[in-house]
Each structure stands twice: as structure tokens, then as C-alpha cells.
Amino acid sequence: MEPMSAEFSREIREKVHPAVRDLIALAEERQLGEVAWESDGVAIRIQRNPSARPAAPPLEAGRAPIHDEAPEARMLAVHSGLVGVFRTAGPTRVPRVGEPVNEGQVLAWIESMRLMNEVNAPRGGRLAEILVEDGHAVEYGQPLAVLEVHT
Amino acid sequence: MFNKVLIANRGEIALRVIRACKELGIRTVAVFSEPDRESVHVAMADEAFCVGPAAATHSYLSIPNIISAALVSGAEAIHPGYGFLAENSNFAEICTSHKLKFIGPTPQAMDMMGNKSRARSVMSQAGVPIMPGTGDIESDEDAIAFARQAGFPVMIKATAGGGGKGMRVVHDAASLLKALGTARAEAHAAFGDDHVYLEKFLPEARHIEIQVLADEHGNVLHLGERDCSVQRRNQKLIEEAPSGVVDEPLRAAMAEAALRGARAAGYTSAGTIEFLLDQRDNSFYFLEMNTRIQVEHPVTEMVTGIDLVKAQIRVAAGEPLGIGQEDIRLKGHAVECRINAEDAERGFAPSTGRIEHLHLPGGPGVRMDTHIGPGYKVLPFYDSLLGKVICHGADREEALARMNRALEEFRAEGVLTTAPFLRTIINNAFFRKNKIHTTFVENLSATPALAAIH
């Protein structure tokens, strides 16, 4: 299995085998990057994003709800639209974690069939997190980065 | 031999290829669309990549994402299964340009056989009998002239076609032009190509196909025939091997024609040459060649003992077949039923939902190739095939008795399936006496007295 997305691991928590739940809990408790378990021909490998904080605001896939109050910070996940290799070094400079980003700005690249494809910020804000290590494989729909955006 | 193979498909055929790879000690890479994440083929593969959303055009047909998944995972070959990219020569060429082996014939052989008019002329030149017909129809006058000369009924077929799309049987001159228009529109929608041609139509013919297997060293074998005469709207429902109406001299003649055709196309891998058999005089005519593993391949596996998917993988890895024609012997009789999630009472409309309770048939002589399990969700995005029951027996009678039992054992609650309808056919007196032809099912449904028994 490929690395599971944050949403996927959260989603399966309720319905998967207790062994998987225990492994996820173990990974979080001990702050482990990877936990693997194998028995009777079943192999489970759980990769945990080392920079993920348990108290992080919930990721939100779509547009944030509109509030009447003062602008509020929201976390927005940037998903991969391609299968390929995640690259954080390329032809242009990309923002570091913590830096502001503009809508459409290049955050990273996905190398697919020898071509570098830009990963663009869907909205302006601040780059809160990069979820994938440079050189790692990514699949369609996988969260790549988290933006802190203001509503 | 390959170390790692990517399977560019879903459902039972993805599972079938994974099983073959496991037996050959090959690591497997699955691809899946977002709603297929929990599928068995994903769980059974060593690695899996989500390649897109539910719509097949953006997932199972996404050439860039599938090729990229193969490159990223370090797979050396891609097995396309059937459907999706299996007969896409452009995909096969892209595989080659990325140094990935396409497990199937060469793009040239696929092109030669994929275009139906071209296939007809290649086969005709190779001395294979073809059904009287036309090239691409350029004008209405062409069509009328052919139909007058050959006599009605005639069949309209899509040049780029397959799977019954763009096909129409026309019984009189009055409906010919209207049917041409409909067939062109259907062909354009399905294949992006509105070219059609005409063939003479044999009303009570048998659909008999010859399985061929060829390696890259010039060895070409045949594995006997399959009888796929039980069809509904040109979709096969039940397949048998061997055919009850093909005797040894006829088998030899059809196989010889198939081998000539396969050699003429420079064919490698597993392929099927389809014929129509006129039961009145045992004359037969080339219909088309399928350049892929077919849904009904298990019946041939059951009677020959040869694993066709493993053979495809070995051939693609450059290995010789390692057997001769004299090693192919047909043993017993096999029959396959395709169980679809469809409502047979309501025009075979797709039935979607969650399978709450499931019991799969088993016991002596029963093989079930399926990807479904308890809790499986039948999605509206893909074809409705739930699985295939394949029964083997010492003779046709035993194979059919087993099929009747197996279909009775099959239980899937939560969706409607065609299992009860298939059982009606298996127990039909005409079917039991082997009095079948390509319009048998249509006639059965149109006859209230016969339809009433199911």
C-alpha cells in the first residue's frame, strides 16, 4: 500500500480492524514516523507525517464557510491531481513553510512521465505545512501541503 | 521474468492477473479510482496507486497517471486486462517508449486487427473465409446496392467497433437508411469514429471462437474453440468449451484458419479469432479478432489445463511457449456464466447498491472468479459484471448439472443479479439439447410460454 492520506487514516479509524487502530494510536503516542505489522500474510504499514501536530485544525477540502465575524484562519489541504514523484526543488524558488503564498503560486512539482508539473496554491495565505518529502511517490488525491487561509 | 507488473484494470480481471503474478513470483502494483480504494484488487496487490476519480476516463483510462504509477513503482510491464486500455495501440506504444513491456500483442498487430475493415482484408488475403460484406460505407447507395445483392437480413457494424456498439440487424430496405444513421451516431459516441460497414447476417448461426497463443519466437498454437452463441444484444452471457456442434474435422478446419490469420497479423500473446458458423452446412466466416485476454478465457483454461494469463506474462517476458500443438488436449467440458448486477425483469437495467449478504458457490468442478465480497458496493461507474461462475465436468451434461447447482448456491442480497435468469437458460430444454444460436435469448424472451418458466 502507498502512504495513506491524513483523511484516509482518520476515515478508516472508525471502521478498520482494531490492529490498524492500535498501530495508528501507537504511531501518534510515540511520535513514530512509520509502524509496520505483519501476520498471517497480512502486512500493514502506517506512515505518519512527522510534522503533523495532533492539535492541528481540521483540514478542509473545499471553500471555507463564510462568517460575519473577523477573518478567521482556516487550514486548506492542497491535493495531488497526478501520480508521480513529489519535488520541492525545481526551476523556480518555492516558499518555505511559514512564508506567505499568493493564489496560483508554485508550491512544488510533481514529476510525471519525465515532465515537471506545477503544484499551485489554490488560494493565497501562508504555507503551513508540506506533507510529502522530496522524492517520494504521490498518488491522485493525496494531500501534499496545507495552507493557512483567511476567510 | 519480470520482477514487478502493474495491472491497469479493476474488478475480477485485475484479481485474475494478480493471482497469475503471485504464482509466478512477480510483485504486483494495482491502480484504482477513488471509489475503488477498498477493492480487493487493491488489498491483494503489493502496492497500489490511486490514479483518478470515479469517471474511468480520468482514472482507469488516464494514460499519464497509469504510466507514471508504473515508472514510480519500478514496474517493468503492464497487464491491461480486458476493456479500458486493453486494445488501445497508442497506450501500447507509449508503454514501449517508456521501456515498459505491454503484456499483449504489438501495437502493429493491434492496429491491423482493431480496424475491422482492415482485419477483414488481412484475413481474406490469408485465405480465411469472411462473411460477404462491404468496406466502409461511403454513401447510402453503397449500402442499398450491397443489401439488394446479398439479400436481407444484413448487419451494420462499426469499423472501430466492439462489444455490440454500433451494431444493427436490418431486415428490409425500408429501415436500412434509418438504421445506418443510428449505427453511425452510436459508433461516433462509443469510439469517436462513425465509419460503419455491412455484412450479410446469418439468423440462426453459432458464435464459435478459436483461442490462439503465440510467442515472440514464431510459435503459434490454438487451444480449441469456445461456443458463445448465448448472447443478448451481442453481449455474451454463457460460454462453453468445447462446442457441442464442432466435431474434429470442423475444429481442425477452423483452427487452421485461425492460425493462418494469427500468423498473417504477426500476432503474439493470447488472442481470439471469432467466427460465425452456419449450422446448415458447417461453413464458417471470420467475424473479428480480439487482441486481448477475454472475459470467457477460463472455459479454455478448464478444458486445456493451460493458464492463459500466465502464458501471456511468460510470452511478454520473451519466453518461448515451450509446448507444441500435440501437447494441447481437450479434457471434459466447461461452461461459464457471467453474473451481472442487473434486473433481468426490467430490461437488464443496472442494479446498484451494497451487497449485504453473499454466498459464493463451491464444491467439485466449480470455479468462481470474482472481486465481490460481503459489504461490496456495486457502483454505477463501471460495468455490471459481479463475477463469473465456471463449471467443469466430464461431459456437457455434468458441467451443466454443476452450473445449475452453482447458480442455485449463489446468493447476493442487496442487489439484483442475473443468476436466476442464467439458471432459466441452463435449464431450458432447447439449451440442454444444444439447440442454440446467436438469437436464442431474444427468441426466448419474446416467447411468453418460454419466458414464463423463469
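In the predicted model, the area buried between chain A and chain B is about 1,600 Å², and carbon and sulfur atoms contribute 60% of it. Buried area here is the accessible area (1.4 Å probe) that two parts lose on being put together, summed over both. Residues are numbered from 1 along each chain as its sequence is written, and chains are lettered from A in the order in which they are written. Local features need pLDDT of at least 70, side-chain atom pairs count only at pLDDT 80 or more, totals for chains, interfaces and linings use all residues, and side-chain values use heavy atoms, with hydrogens and water left out.

At the interface, 17 residues of chain A are in contact with 24 residues of chain B, contact meaning heavy atoms within 4.5 Å. The count of salt bridges between the two chains is 1, a salt bridge being a side-chain nitrogen of Lys or Arg within 4 Å of a carboxyl oxygen of Asp or Glu. This bridge links R37(B) with E139(A), whose closest N and O atoms are 3.4 Å apart. Helices (H or I, at least four residues) and strands (E, at least two) are DSSP runs, numbered from the N terminus. By class, this side of chain A has 9 nonpolar, 4 polar and 4 charged residues; Ala, Val, Leu, Ile, Met, Phe, Trp, Tyr, Cys and Pro count as nonpolar, Asp, Glu, Lys and Arg as charged, and the others, Gly among them, as polar.

Chain A contains 2 helices and 10 strands. An open sheet of 4 strands in chain A has the order β7-β6-β4-β9, with antiparallel pairing; two strands pair if DSSP finds at least two bridges between them. Because β7 (115-120) and β9 of chain A stand at the edges, each with a single partner strand, one side of each is left without a neighbour in the sheet. The antiparallel strands β6(A) and β7(A) are joined by 6 bridges, and A108(A) stands opposite V119(A) in β7(A).

Of the 151 residues in chain A, 36% are buried, that is, under 20% relative accessible area (1.4 Å probe, protein chains only). In chain B, the buried residues of helix α5 (residues 107-114) are P107(B), A109(B), M110(B), M112(B) and M113(B). These residues pack against α4 (89-97), β5 (101-102), α6 (116-125), α9 (248-264) and β13 (283-290) of chain B.

Terms used:
Buried means under 20% relative accessible area, exposed over 50%, partly exposed in between (1.4 Å probe, protein chains only).
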